[in-house]
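Biologist: I would like to learn how to read a few features of a model. Could we go through them one at a time?

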Number of protein chains: 2
Amino acid sequence: MVYEATTTAPVNIACIKYWGKRDTRLILPTNSSLSVTLDQDHLRSTTSSRADSHFEAGDKLWLNGKEEAIKDGGRLAVCIRELRRWRREMEDKDESLPKLSQWPLHIASFNNFPTAAGLASSASGLAALVASLASLFKLSQSASQLSIIARQGSGSACRSLFGGFVAWREGSDPSGSDSLAEEVAPREHWPEMHALICVVSDAKKGTSSTFGMQQTVETSTLFQERLRIVPKRMNDISRAISSKDFASFAQITMDDSNSFHAVCLDTSPPIFYLNDVSRSIIAVVEELNRSAGRILAAYTFDAGPNAVIYTLEPDMPLVLSTIKKFFPTFEDFEDPFRTQNQDLPKDFNAGVVREGGWEKGAVKGLIHTRVGDGPRVLGKEESLLGDDGKPKTLI
Amino acid sequence: MVYEATTTAPVNIACIKYWGKRDTRLILPTNSSLSVTLDQDHLRSTTSSRADSHFEAGDKLWLNGKEEAIKDGGRLAVCIRELRRWRREMEDKDESLPKLSQWPLHIASFNNFPTAAGLASSASGLAALVASLASLFKLSQSASQLSIIARQGSGSACRSLFGGFVAWREGSDPSGSDSLAEEVAPREHWPEMHALICVVSDAKKGTSSTFGMQQTVETSTLFQERLRIVPKRMNDISRAISSKDFASFAQITMDDSNSFHAVCLDTSPPIFYLNDVSRSIIAVVEELNRSAGRILAAYTFDAGPNAVIYTLEPDMPLVLSTIKKFFPTFEDFEDPFRTQNQDLPKDFNAGVVREGGWEKGAVKGLIHTRVGDGPRVLGKEESLLGDDGKPKTLI
């Protein structure tokens with residue numbers, strides 16, 4: 001008998017940003033956040049976990065085929081320990097259960113998007129790990145309960161345990177028991193929500209978000225004001241999602257991205273994630289909305305120069321045509337939705353882009369995706385682990 | 001008898017930024033600001049004013065040899081009207097005075113720095129105009145009283161009526177009678193204060209500050225918090241100037257520049273003045289301070305990508321060598337102080353600059369200057385106006 005589970009988990013991109021911890025050990029945030037879960041058909045982390053009493057060297061983890069140490073007391077070890085504890089409680093109550101909690105684990109994880117894409121893989125990766133172990137251990141805890149564990153692995157991972165539109169409630173309990181993710185609306189509520197990821201080259205490595213956010217908490221004079229503003233934004237964007245009011249959804253998303261980057265700039269020393277290409281994408285999206293006479297697209301930027309542009313499916317032809325026109329890529333773009341080209345609004349002022357335009361490759365690549373579902377449990381034929389308990393693909 | 005006066009006025013660069021009006025007609029600011037006046041030996045506006053009953057076509061103005069309209073009710077007209085009013089009061093009290101207040105004016109103004117340098121010429125230009133008319137009219141008002149007039153021409157012009165370190169007090173009277181400039185310390189108090197202006201190319205014209213600042217007032221959610229922070233910064237930097245504490249002066253200057261650009265980014269739509277070269281200059285100055293183990297340089301940016309770096313004279317060799325190393329210019333730099341080169345700190349991490357470094361001309365030029373004095377009255381041989389009442393140099 002092989003005890004094993006394989007799951008996938010999605011990437012999520014926040015509309016209301018997580019930036020700042022009130023407890024760095026438990027990863028308790030200074031503010032609630034809200035994200036859109038992206039479709040795993042396009043972007044996903046896959047994780048297989050196997051428990052076997054014959055594994056001799058303790059717990060082992062391979063990431064993209066390369067073994068990674070599981071540091072004692074590290075964030076990964078904490079997640080594994082907590083999930084084992086829940087399994088142990090089940091085993092204590094029901095003696096017929098195999099003692100998986102006492103067996104070493106082999107875990108293999110794989111991201112189907114290149115690290116070079118600049119997408120944070122820690123959120124989907126940690127969520128896939130937690131979902132995989134929860135499946136292996138047949139845990140009865142809800143996704144929100146699991147999100148408390150995922151949160152301790154990587155803050156925003158908690159939001160990748162749900163599909164659709166997801167809130168991470170900051171909570172107030174010092175133990176973190178109420179700092180968890182919950183669904184605001186499922187993907188089926190607003191399936192027209194599409195996203196275009198613009199992968200932007202950067203000649204300069206930015207500040208890590210783990211380090212940067214605490215610098216902001218400690219030194220930004222504007223940061224406390226941001227914390228006072230976010231609760232209203234959380235309410236307003238939840239209402240916009242409920243009523244499928246894209247213009248409000250988009251305006252709040254852009255405002256919060258700008259507010260987040262503003263407090264980064266107000267940090268000492270200042271933190272910059274947006275570069276000239278990012279600025280230009282902002283200018284193009286603002287001009288697209290202006291010239292179209294309605295808000296049809298929203299940009300948002302995480303801790304890096306890549307843009308994610310949210311738009312509804314019927315407007316993607318316009319958004320995509322605009323971005324391709326001003327930010328030509330080296331390689332042709334493979335669009336799973338085969339979006340058609342569309343002419344720009346007549347009134348569009350190309351002068352918002354820098355003189356001479358951008359050289360090819362300023363935007364390295366585009367990814368067109370949409371709102372998606374939560375973690376999926378796959379069949380054993382999809383396992384990343386071979387009979388020998390090692391990844392089928394090793395590096 | 002020719003009634004004429006020629007004066008020069010200096011450029012000033014704020015350490016605590018003016019951004020936002022509470023009264024757009026009277027130009028009353030939402031916060032106090034503080035600047036360093038730069039040396040007129042290097043950068044200046046010169047203005048000649050002549051009153052003559054024989055001038056037939058009313059008031060006329062030439063800027064850099066080109067005639068400019070004096071718009072009725074415009075800012076320039078307001079300044080001229082107010083100064084005439086004060087002259088009229090003198091004439092009413094003393095009948096022996098020539099009736100200059102009733103005669104048309106010819107005014108010629110000239111900036112010795114190219115517009116392309118990206119330095120705001122409105123501050124020095126308006127200050128030179130006000131100083132010139134005050135001299136022509138032999139007004140007895142103090143420089144602070146005159147600053148109230150200059151303020152209505154162009155907000156930050158009020159600070160160019162003083163040398164040294166200058167505060168513009170926001171005031172509280174709705175009439176603007178207490179929104180004026182005053183000296184915090186004269187240049188002689190801290191003559192070692194030097195400045196290096198880095199003129200940065202920009203492929204994209206930025207938002208005008210007049211428009212941008214009101215957008216911030218109306219839409220930024222963080223702006224009110226900035227207003228709560230500035231009074232403490234004003235006190236702290238005044239104290240730093242009094243005690244010649246450069247490290248504090250520099251930290252507050254950098255913090256306030258970053259805070260100003262943060263609220264610009266938090267504006268809807270967002271306003272960006274810093275570009276990738278500006279960001280890189282910030283990174284280099286921060287790294288210079290870190291590697292030297294003390295704060296020896298402070299960057300500050302107005303509504304554009306140009307950096308002004310404040311440092312004390314003994315540290316200018318290090319600052320200048322660092323900037324020249326990472327931002328090579330096309331043309332050789334003419335340094336009036338003939339600053340020597342100096343090696344960078346051993347520990348300096350060149351990795352803060354983007355991969356491959358900056359191409360020649362990313363910084364177009366450098367201007368090395370220092371703290372300077374207030375407006376100067378020149379002799380009639382320096383007049384910009386010829387015998388015919390027109391500028392000697394016409395375009």
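Biologist: How many bridges join strand 12 of chain B to strand 15 of chain B, and how do the two run?

Modeller: Strands pair if DSSP finds at least two bridges between them; helices (H or I, at least four residues) and strands (E, at least two) are DSSP runs, numbered from the N terminus. Here seven bridges join strand 12 (residues 193–200) of chain B to strand 15 of chain B, and the two run antiparallel. B:Cys198 has B:Leu366 of strand 15 as its bridge partner. This is a predicted model, in which local features need pLDDT of at least 70 and side-chain atom pairs count only at pLDDT 80 or more, while totals for chains, interfaces and linings use all residues; side-chain values use heavy atoms, without hydrogens and water. Residues are numbered from 1 along each chain as its sequence is written, and chains are lettered from A and ligands numbered from 1 in the order in which they are written.

Biologist: In what order do the strands of the open sheet in chain B lie?

Modeller: The order of the four strands is 13-14-12-15, with antiparallel pairing. Strand 13 (297–301) and strand 15 (363–370) of chain B are at the edges with a single partner strand each, so one side of each has no neighbour in the sheet. Neighbouring strands of this sheet are turned by 20° against each other on average, direction ignored.

Biologist: How are two packed helices described?

Modeller: Two packed helices are described by the angle between their axes and the distance between the axes. Axes are lines fitted to C-alpha atoms, for helices over the stretch in contact, and angles run from 0 to 180 degrees between N-to-C directions. Helix 2 (residues 122–136) and helix 3 (residues 143–153) of chain A pack at about 140°, with axes 9 Å apart. They are therefore oblique to each other (under 35 degrees is roughly parallel, over 145 roughly antiparallel, 65 to 115 roughly perpendicular, the rest oblique). The contact (heavy atoms within 4.5 Å) involves A:Leu126, A:Val130 and A:Ala134 of helix 2 and A:Leu146, A:Ile149, A:Ala150 and A:Gly153 of helix 3.

Biologist: What relates chain A to chain B?

Modeller: Two copies of a chain are related by a rotation about an axis and a shift along it. Copies are superposed by least squares on the C-alpha atoms of residues with pLDDT of at least 70 in both. Chain A superposes on chain B by a rotation of 180° with 0.0 Å of shift along the axis (RMSD 0.0 Å). The two copies are thus related as by a two-fold rotation axis. In chain A, the C-alpha nearest the axis belongs to A:Ala262, 2.2 Å from it.
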